[in-house]
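Thanks for coming, everyone. Let me put the model up, and we will walk through some of its helices.

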Amino acid sequence: MKVFIIYMFFNYLPRTNCNSLQYMVQMHQVLLRRQYAYSGIMPPSQVWYDLLRFPRSKKLVHLYDVCPSYIVKSRTIRQNRVFNGIDELGNGEIKNISYTTNFKMNTAQSVHEILDSMSQHSQQIEYQVQAILMLWSYYQRLPNTARPLVTKQLNKKIVPHLLSQIPNMDINELSVCYLYLRKMHVPNSDGTLQSILSRGLKLIELAVGKDLIPLQALSRLLVGINLERDFFTPLVCQHFKPHLEQHIADCQSEYQVRLVSTCLFQLHGLIHQELLDVYKQRVNELLQRGILNSGTPKALLKLLHMLNLPVWSNQNTTLIRQLMLQLRNCICTRQLEPNDLKSVCRTFLHHQEPAELMQPLKEATESLLQQESSADALSCAVPFMDLEQRDDYVQQFRKLLKSKSAWEQPNASGHFFSVLRALKIADVRDCDAYWAAVIRTLQICSKEQTNLPFLRHCQRYMNFNNNLGGTYRHLEFERVVSRLCLDAIENSLTGRLPSKFAHMAAFVMAYGHTPFAWKKFPNILLSKLLAMMPQFNIQDCFLISRGIQIACELRFRHHVPSILGMQLSTIDSILIACSERHLLASEETSQPLKATDLNIIVRTLSHRKSLKNTQVYNLALERYKTLSIEDLNSRVVRDMAYNFNTSHFVVPALLESMFKYVTLQHNHITGDTVEKVLTCAYNLGYTPASLESLEYAAEIILRDFDQMSGLSVVQSCLALCYYKSIPDQLINLVFCTKFIQRIEEEIQICYSKATYPGLVLNRIMQLNRTVCLDFPEANVPWFQQNYVEAQLSKKSFKFSDFGTDIRLYLQGLLKDDKYFRCNHTTPYGYHIDFVIHFDKDKKPIPASPIEATMLDRITKVAILLLKLDSFCENDLSALRGPDSLKMKHLEMMGYKVLQINEHDWNSKHRMAPDAKVNYLKCLLQIS
């Protein structure tokens with residue numbers, strides 16, 4: 001157990017200084033030596049220890065003398081017999097293996113026969129390697145309950161005999177033995193396996209600059225090394241990179257693409273951007289030459305899997321899109337294996353493009369669900385469902401939720417969670433059943449606390465609780481996980497790792513269930529936050545900020561105790577310092593901050609109102625001006641639109657790039673993404689330079705009309721109305737009985753009952769009003785008057801200090817309250833702060849409670865009080881879209897619209913005597 005704890009820590013070496021690392025390696029050596037001393041045998045390989053030393057010793061002591069000429073050979077007859085037809089990609093498939101050496105092994109009918117045969121031929125390398133391959137093919141077909149027995153027999157009867165054969169094995173044989181023994185769960189702590197790997201690593205090191213290690217051997221070793229993540233791969237595999245660079249330069253076939261992609265995926269911690277760009281260029285050449293096409297799905301899938309790694313996924317959107325389009329025919333003709341189809345689905349859902357795959361994926365996942373009733377398959381099908389399919393999917397979800405076998409599948413809780421969110425299930429019984437099942441899985445996994453299996457559920461619960469507006473809570477889950485988090489923070493070595501600690505601290509701060517939770521956070525959280533502050537990365541800060549946000553909303557909305565207030569100030573200082581460090585780091589390295597990282601920093605600071613007025617928040621928003629269209633993809637565009645909407649920060653150049661992206665990628669971008677761009681631009685009052693992008697946007701909304709949510713459709717139409725670019729076809733689709741019924745059904749099934757119904761009804765009212773005023777030729781009636789009156793009856797109007805001040809000045813200027821009316825509501829539901837009527841001689845007359853018309857020959861003056869949030873955050877002269885549209889509509893209704901800005905009214909030059917009176921006289925043009 002201690003050995004595995006040491007192994008685990010090699011995954012976190014980037015955050016460990018050299019002295020600490022050397023100490024950890026020395027401790028690892030002591031533990032292993034003590035283990036062998038107790039057992040009375042010698043350690044199998046000194047090389048194993050030396051390879052893990054950092055910095056690497058120049059004088060290595062080797063157990064075996066290695067002859068350089070033996071390192072890499074051309075394939076011999078023996079190798080051809082052993083390795084002919086093996087799929088080297090690490091997915092466990094072995095096809096058409098030629099067994100010509102021994103008839104007895106060819107005719108073996110069971111695992112036991114193979115094991116007995118291997119024992120009898122323990123001195124024949126070729127025979128042992130063949131037998132391991134054949135044993136793996138049998139092993140895959142065994143039930144899970146029988147596999148540990150095979151592994152036990154393998155450890156007892158076969159593995160010890162391999163030790164004497166290791167010096168005579170070449171790199172291919174070593175890689176095959178290591179990979180498939182690891183796949184059959186022979187542990188890395190086994191002495192023979194250590195010797196196999198150490199020799200293989202030494203062969204690769206000695207070949208650098210001399211010979212080229214076969215690509216198949218590299219891929220096998222890399223896959224085996226990364227199984228169960230016992231090692232810090234960049235350190236153990238540092239000599240793989242020179243060989244891989246040469247293989248990338250020589251890559252000319254579909255088979256080589258598969259192997260190189262596997263190597264890059266397993267070795268991504270060592271891969272720099274330049275090498276990845278070289279490989280991407282080579283892949284593009286192979287696509288253009290037709291070597292990679294829809295007829296090579298395996299290579300395309302391997303590429304897709306590698307390019308979609310989180311560390312560089314958003315930088316590879318263009319190539320990922322090309323690969324997915326190549327796979328379209330395979331999806332339509334059902335050529336993909338179930339796991340491959342699921343992988344493509346998840347890639348699409350992450351990138352939200354290309355749109356051409358939406359319908360093929362919908363049909364393919366429906367077919368998959370008919371063949372495979374599992375949470376995994378259901379999680380892929382639900383995002384593409386029609387509203388009519390929802391009830392059927394909910395029933396399937398409930399049935400699977402009660403199935404014991406469904407919960408035994410890999411990552412079952414994650415798949416169930418995806419379905420729960422995508423279906424927007426509001427039934428508390430279903431939600432309770434899911435989180436109760438999660439608690440049971442945590443209790444089963446309690447013996448694996450070193451892996452912290454509960455961590456993945458922390459963020460899921462926080463996201464789920466947030467989507468429900470904080471109205472749903474499973475207190476038992478919160479108590480159980482909070483206890484696990486605190487125990488790990490206080491007692492576990494993993495609690496000292498910044499990334500793990502950030503997850504746990506965020507959950508504990510969000511939901512409490514700790515001593516004195518009503519007045520403060522646990523002291524240990526604050527002390528560790530301060531200690532780990534220099535090590536927090538961008539994602540860590542985001543998690544901590546989210547935890548604070550939820551805590552303030554759920555637990556301290558109405559009252560913040562004094563002790564907690566001091567703690568929050570300290571955490572704010574930590575977040576500010578970390579954000580500054582991340583922003584300045586990009587300047588010091590002369591590398592612009594990635595769009596994804598910048599989005600996360602802005603969201604981190606947006607979670608706390610106290611941070612929105614800081615210099616670092618404005619600095620982060622200013623960084624958006626350094627981005628270009630090359631940095632954009634659908635995911636980045638959606639995140640940027642969210643940040644701009646919440647911050648009211650306008651960057652015209654970047655907004656124009658977003659519209660240009662819509663124009664260039666109109667065939668690939670989805671309607672939901674276009675809606676985010678339109679709504680963002682409308683809210684900020686930005687008008688694109690060209691109407692072409694708006695025309696494409698309207699076409700996309702029409703194309704994806706049935707796949708978009710009702711709220712997204714309405715908000716898209718409202719923005720298009722603002723730009724006078726909505727087509728008649730779209731108006732007719734929205735204002736019809738079928739769509740209204742669709743909205744009503746969505747409201748019934750939505751799981752955020754606190755916010756969604758009111759939001760969507762308000763947007764429909766705004767759209768109805770806008771179409772009536774701006775597009776009278778559409779003949780859409782005004783049917784929202786009852787809604788407007790109902791909303792007015794719920795609100796009690798109260799003037800702000802700003803409004804009260806202006807009211808007092810108007811009273812003094814007009815001499816009587818009867819000459820102006822406050823808090824007026826127009827027939828179309830617009831609110832006007834002050835209304836003044838003037839006759840033809842420009843003299844004020846008593847304001848009638850009835851809406852006046854042009855026939856009355858009076859001038860209606862509407863005074864609108866504009867607060868700071870009516871303007872863009874970084875440009876107080878830029879009026880936002882909703883207020884701009886309101887002014888235009890009031891003018892169409894016969895009003896002369898005047899506006900008074902709060903920041904102007906309270907400015908220093910208005911503080912002089914009579915300055916405000918003179919300002920109102922000039923504004924109203926009266927003496």
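A word on terms: helices are DSSP runs of H or I with at least four residues, strands are E runs of at least two, and both are numbered from the N terminus. Helix 39 covers residues 710–722. Its 13 residues reach 19 Å from first C-alpha to last, close to the 18 Å expected at 1.5 Å a residue. That expected span is 1.5 Å times one less than the number of residues. Is helix 39 buried or exposed? 13 of its 13 residues are buried, so helix 39 is largely enclosed by the rest of the structure. Buried means under 20% relative accessible area, exposed over 50%, and partly exposed in between, with a 1.4 Å probe and protein chains only.

Before going on: this is a predicted model, where local features need pLDDT of at least 70, side-chain atom pairs count only at pLDDT 80 or more, and totals for chains, interfaces and linings use all residues. Residues are numbered from 1 along each chain as its sequence is written, and side-chain values use heavy atoms, with hydrogens and water left out.

Now helix 25, residues 412–422. Eight of its eleven residues are buried. Among them are H415, F416 and F417. Just after helix 25, K424 takes a positive phi of about 55°.

Next, helix pairs. Helix 26 (residues 428–444) and helix 28 (residues 475–491) pack at about 30°, with axes 9 Å apart. Axes are lines fitted to C-alpha atoms, for helices over the stretch in contact, and angles run from 0 to 180 degrees between N-to-C directions. Helix 26 and helix 28 are therefore roughly parallel. Angles under 35 degrees count as roughly parallel, over 145 as roughly antiparallel, 65 to 115 as roughly perpendicular, and the rest as oblique. In helix 26, W435, V438, I439 and L442 meet E476, F477, V480, V481 and L484 of helix 28. Contact means heavy atoms within 4.5 Å.

The other pair is helix 12 (residues 215–226) with helix 14 (residues 240–250). Their axes come within 11 Å and cross at roughly 135°. That makes helix 12 oblique to helix 14. From helix 12, L215, L218, L221, L222 and I225 meet F240, H243, L244 and H247 in helix 14.

Finally, the whole chain. How many helices and strands does the chain have? There are 47 helices and seven strands. Of the 927 residues, 54% are buried.
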